[in-house]
Amino acid sequence: MITVRVPLGERSYDVLVGHGVRAGLASSLPAGARRAAVITQASIPLDCDPGIPCERLLIGDGEQHKTLETVEQLCRDFARMGLTRSDVVIGVGGGMVTDVAGFAAAVWHRGVAVVHVPTTLLGMVDAAIGGKTGVNLPALDGVGGKNLIGAFWQPRAVLCDLDALATLPPRELRCGRGEMAKYHFLTGDDLLALDVPERIARCIEIKAAVVATDEREGGRRALLNYGHTLAHALEIATGHEIAHGDAVAVGLVYAAHLAHHLGRIDADRVQQHYDVVRGVYELATDLPADVDAERLVQLMAGDKKVLSDGLTFVLDGAAGVEVVPGIDPTAASAVLASMAASGQQ
Ligand SMILES: NC(=O)c1ccc[n+]([C@@H]2O[C@H](COP(=O)([O-])OP(=O)(O)OC[C@H]3O[C@@H](n4cnc5c(N)ncnc54)[C@H](O)[C@@H]3O)[C@@H](O)[C@H]2O)c1
Ligand SMILES: [Zn+2]
């Protein structure tokens, strides 16, 4: 078992990584918790024993259930159970479950402890770490969006039980691999030298270090969005047909090409992006054939009508990955066009 500390002063906590670490759930709960609400989904096979009286509360599967309505239902269940502020909520699932469980815990009695047991690779290396919780605002009269309602609410502990990955569908594994590929470029260290559990732990450590310097996303935390500017645009343009990890994979090589186009990195470094994304994580890097490049640039600009201020990207460079504002939309589309052209060869 590997333990990674998320250093956040009095909100610090441990992330346990390894096969079977869920056996330590009872000892990861806050002292004094007398009952637990275990939030999960029907399709998640991982069994967890909190060692105190508990109730298993099932939420729906899919982003359409990541809503205030689901949180309200959970709060009704908490009320029925008599869950007090000294009790505990446990989220057992992917990022959808831990985001919802974390948010429900943040608002119940103005905050009750939450422990996460992420069961997807993406949940382990990303969603369950760092305290961002929330739900979507479903579109109504043209307004709405993902994760618009939320709170920063750090968990008390996170248990990444690698046993969970055995049942994860291929698409979900690709989502996690896309995030892991991202971490290869956020620091100078060689993640390839590590075995898989060590690498997952190192990804968590990298995220923890970024979160520790910017808990509430004032600046540095944006680096975790490396590869995500194009990824989000691709997800919207394809109506979420493309999996997040596949979109991030394309987004990472796009960010490398853009950085190269702007003279920030050399061709070898671009090649390293292909080597990691395609070679190590076995993710495709071609732009989907049927998406319109101009629409993607508009989406990357946040659908702003006027692009005169330029676009903001997270880009690699001599000083490492950093936030770079003021990028000419013409450069952004030229790089898309050359990637599309090379993909068709
Ligand atoms: N809070 C953050 O910092 C953060 C970061 C990244 C993503 N997110 C959020 O995370 C969500 C995506 O998370 P995700 O990719 O884990 O998707 P998800 O939670 O929707 O899970 C994907 C699917 O896998 C199933 N599943 C989960 N674990 C399983 C297992 N062990 N075996 C079999 N099936 C299993 C789920 O039931 C679901 O159908 C999004 O809502 C996103 O906004 C949050
Ligand atoms: Zn992501």
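Ala181 sits in helix α5; helices (H or I, at least four residues) and strands (E, at least two) are DSSP runs, numbered from the N terminus. This is a predicted model, in which local features need pLDDT of at least 70 and side-chain atom pairs count only at pLDDT 80 or more, while totals for chains, interfaces and linings use all residues. Residues are numbered from 1 along each chain as its sequence is written, and chains are lettered from A and ligands numbered from 1 in the order in which they are written.

Is Ala181 buried or exposed? Ala181 counts as buried because it has 26 C-beta neighbours inside 10 Å. A residue is buried if 20 or more other C-beta atoms lie within 10 Å of its own, exposed if 12 or fewer, and partly exposed in between, with C-beta atoms placed from the backbone. Leaving out residues up to four places away in sequence, Ala181 touches Ala249, Leu252, Val276, Val277, Tyr281 and Leu283; a contact requires C-beta atoms, placed from the backbone, within 7 Å. Leu122 is 59 residues from Ala181 in sequence, with 11 Å between their C-alpha atoms.

The chain has 11 helices and 11 strands. Its radius of gyration, 20 Å, is close to the 20 Å that the globule rule gives for 345 residues, so the chain is as compact as a globular protein of that length. That radius is taken over C-alpha atoms, and the rule is 2.2 Å times the number of residues to the power 0.38. Of the 345 residues, 46% are buried.

The domain assignment gives domain 1 (2–213) and domain 2 (226–343); such bounds come from an automatic or database domain assignment. The C-alpha centres of the two domains are 28 Å apart. Domain 1 gives 14 residues to the contact and domain 2 gives 16 residues.

Ligand 1 is surrounded by 29 residues, of which Gly94, Gly95, Met96, Thr120 and Ala127 are the closest. Here a residue is near a molecule if its C-beta atom, placed from the backbone, lies within 6 Å of it. Elements giving two or more residues to this shell include α3 (95–107) and α5 (170–183).

Methods:
Contact = placed C-beta atoms within 7 Å.
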